[in-house]
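I have opened a new notebook page for this one. My plan is to go through a few spots and write down what I find at each.

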Amino acid sequence: MGDSTAAKVADLLSQMGLDEKIGQMSQLNGGGGHLPEYLAEAMRAGQVGSVLNEVDVEIVNEMQRICVQESRLGIPLLIGRDVIHGFKTIFPIPLGQAATWDPETVKQGAAISAMEAAAKGVNWTFAPMIDITRDPRWGRIAESLGEDPYLCSQLGVAMVNGFQGDDLSETGSIAACAKHFAGYGAAEGGRDYNTANIPENELRNVHLRPFKAAADAGVASFMSAFCDLNGVPATGNRWLMDQLLRKEWQYDGVVVSDWESIVEMTVHGFTADDEGAAYEAVSAGIDMEMASSSYRDHVENLMAQGKISLQQIDTMVARILTLKFDLGLFDNPYTDPGHFSAPLNRSHLTAAKEAAVKSCVLLKNEQRILPLNKSDTNSVALIGPLADQPYEQLGTWVFDGKAKHSVTVLEGLKELLGSEVTVNFEPGLVSARETSRDGFAAAVTAAEESDAVVMVMGEESFMSGEAHSRANIDLPGIQEQLIDAVAAAGKPIVLVIMAGRPLTLERVVEKVDALLYAWHPGTMGGPAIADLLFGVESPSGKLPVTFPRMVGQVPIYYSHKNTGRPASEETCVRMEDVPLGAPQTSLGMSSFHLDAGFKPLFPFGFGLSYGRFQYVKITTSHHSIALGETIDIFADIINAGAHPAEEVVQLYVRDLVANVTRPVKELKGFRRIFLKPGERQRICFTLHTDELGFFNREMNYVTEPGQFHVWIGGSSDASLWAEFEIHE
Ligand code: GLC
């Protein structure tokens, strides 16, 4: 907060009555297509600090006018909206954007989304969602940036910078919001809103890292999580919200509750009633209450009882006013859409397509069946319930994007192939959940009569996102049976999956020749997928999350601990290989499942391309470095394939012995490179010993001397490794 802003805030605070201060702490829901009189009255009385879900710019301007011109102190509004992966132009879902491993792409998408939202008067988005999760059953994994703290931190900061720009008061910049603080992604059973029990050491070493990165990057606000964290709801968790966020991290931005999460503390059984909930939320430092009215109803009374102080309220209101000054709202609260480029313009759509291209992950390409070749393909059978579903391909959390603007795979293929290649489209199923086989015969006939077969399947948009967890994460409905039916035509099958999470595809992968994972790719998913299938682009995405073989393996993730009995090919046996009557101790006594082994279907960081990348010759600049020094790690990468392509080179480290057990691998760097066929490039990563630190038993962040292993490769399965040590 600049001095002049601080002075302005102090001056304004000094003029405010308690009811006006409580008004600033209240966020009400809008969006009914008109401005209800009760809301206008509340604004005139200075009882509203923010409105969410109003995106009619005329109504927003009228709301601002009433607040500025008709209320006593003329304080403008924060206008909040979930601009999660696009506004009108929809980008891939955040999990798909994470698969780009490209901060610049993620930043650009956020900047475009901010511009389109700001044109409607939105000045605050409730994004990025930077919850770490290792549970694909959880519907909100779709909104996340994956399982890894380092990747999530890098991309979450990119999103913050994209939304907020260099200056919050600039036209097109909007305030970002790091959410959901904290531990929400560890919801028990993958059931949304469920309990999160995370030991503090794990919380600090894993779940809090992206939030600290966002705070250090200047994110304008935080949002409290719905869940109870270790028995205390995040929204009333003073250790989390005050001790850690305010005192230890010195964060002074706005904290907003999640939707009614303050009054839900009574449902949790943490408070007896709304008054108690308001008391706990104020005591934790939740500056603004979303949607519910416990602050408006009880803060004055709590003060009268001496339970909360005016100083606490002033501190919270000051943070809200500071954000409004930083956004320039006191200088100009109004929005002129004429100051913005049109939404869905060519450059926005191009950016959305490029993001979709980079987000797709090639998981299988048997006999290099892909890319398909236009010149020797006269016809393509396009089959599957998601091949022409403009709404489903947008994915979850799309409030302002419209299906009518989507370009589907069917349309993208037709556009790319023109009259040269015939597209025989047969959905086979009317939806992903469909159980009728009525469309199977036509789909099989299309496959029989075509040179190539492309199937587009997966999940409906609704099957992921908030409150949409699944216990069985197979392909829904009878999509797998449709694959079986089409496979009988004897043609190679290219399968494209659209989904909001990793699906369990162990059987499916065996039945197809190529598998391209497109997540929910957004408005331009169709042209992006068409370009990838026909080699106009090469797939370069890498998995931001581990794919289990079966849901019983969950949680399964790459940065696991070694345990005292790590599984290996030698110690891991399959149930079918065990002789009948085998005695109890006859197995390799290590950590695996008899019916699944210990490896995922696809590991974190994995992704194929049309190039063929070989990693050779890893070296380090030093064998040993002192605390506080840096070390360079080099490796050569060769594109031994026939196609030019991009590769995301990844750096992993292991701390072999430490004050608390450390993961067998941790991502510490990544970089996208482009290599022509035959080209060789030397990559160098520089690591500072601080980057090898962790929170120890005493919860101090330390880097300890000792032995480290380091890998460079194209996935967390990297095998090219070296070692170095850190000495005192
Ligand atoms: C929802 C979500 C949160 C969102 C908010 C406003 O329940 O949990 O992520 O920003 O309410 O829509």
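This is a predicted model: local features need pLDDT of at least 70, side-chain atom pairs count only at pLDDT 80 or more; totals for chains, interfaces and linings use all residues.

**Entry 1: Asn 230.** I began with Asn 230, which is partly exposed, with a relative accessible area of 38%. I then looked up its place, and Asn 230 sits in the loop between β7 (228-229) and β8 (232-233).

**Entry 2: Trp 397.** Next I turned to Trp 397, which also has a positive phi of about 55° without being a glycine. I found Trp 397 in the loop between β12 (379-383) and α16 (409-417). Is Trp 397 buried or exposed? Its relative accessibility is 13%, so Trp 397 counts as buried. Trp 397 is also one of the residues around the ligand, and that took me to the next entry.

**Entry 3: the ligand.** Which residues surround the ligand? I listed Asp 82, Phe 126, Arg 140, Lys 179, His 180, Met 223, Phe 226, Asp 258, Trp 259, Met 290, Trp 397 and Glu 466. Sorted by class, this shell holds 6 nonpolar, 1 polar and 5 charged residues.

I then checked distances to oxygen atoms of the ligand. A polar side-chain atom of Asp 82 is 2.5 Å from one. For Lys 179, the distance from a side-chain N or O atom to a ligand oxygen is 2.7 Å. For Asp 258, the corresponding distance is 2.6 Å. As for cover, the ligand on its own has 310 Å² of accessible area, and the protein covers 94% of that.

**Entry 4: Asn 345.** I moved on to Asn 345, in the loop between α14 (310-326) and α15 (346-359). At 16% relative accessibility, it counts as buried, because the cut-off is under 20%. What does its side chain meet? One polar atom of the Asn 345 side chain lies 2.7 Å from the backbone oxygen of Ala 342. The side chains of Asn 345 and Ser 347 are joined by a polar contact of 2.7 Å.

**Entry 5: Ile 478.** I found Ile 478 in the loop between β14 (452-458) and α18 (479-487). Ile 478 is buried, at 11% relative accessible area. Along the chain, Ile 478 and Leu 429 are 49 residues apart, while their C-alpha atoms are separated by 8.5 Å.

**Entry 6: cis peptide bonds.** I noted a cis peptide bond between Ala 127 and Pro 128, with omega about 10°. Pro 128 belongs to the loop between β4 (124-125) and α7 (149-164). I noted another cis bond from Val 554 to Pro 555, where omega is near 0°. Pro 555 lies in the loop between α20 (525-533) and β17 (613-620).

**Entry 7: helix α9.** In α9 (residues 209-216), I looked up the buried residues: Arg 209, Pro 210, Phe 211, Ala 214 and Ala 215. After α9 comes Gly 218, with a positive phi near 90°.

Entry 8: Cys 360 is buried at 0% relative accessible area, and Cys 572 counts as buried at 15%. Last, the domain assignment gives domain 1 (351-533), domain 2 (557-599) and domain 3 (613-727). The C-alpha centres of domain 1 and domain 2 are 36 Å apart.

Note on methods: Residues are numbered from 1 along each chain as its sequence is written. Side-chain values use heavy atoms; hydrogens and water are left out. A residue is near a molecule or strand if one of its heavy atoms lies within 4 Å of it. A polar contact is a pair of N or O atoms within 3.5 Å; within protein, one must be able to donate a hydrogen and the other to accept it, and residues adjacent in sequence count only if both atoms are side-chain atoms. Accessible areas come from the Shrake-Rupley method with a 1.4 Å probe; for residues, only the protein chains shown count as cover. Ala, Val, Leu, Ile, Met, Phe, Trp, Tyr, Cys and Pro count as nonpolar, Asp, Glu, Lys and Arg as charged, and the others, Gly among them, as polar. Domain bounds come from an automatic or database domain assignment. Buried means under 20% relative accessible area, exposed over 50%, partly exposed in between (1.4 Å probe, protein chains only). Helices (H or I, at least four residues) and strands (E, at least two) are DSSP runs, numbered from the N terminus.
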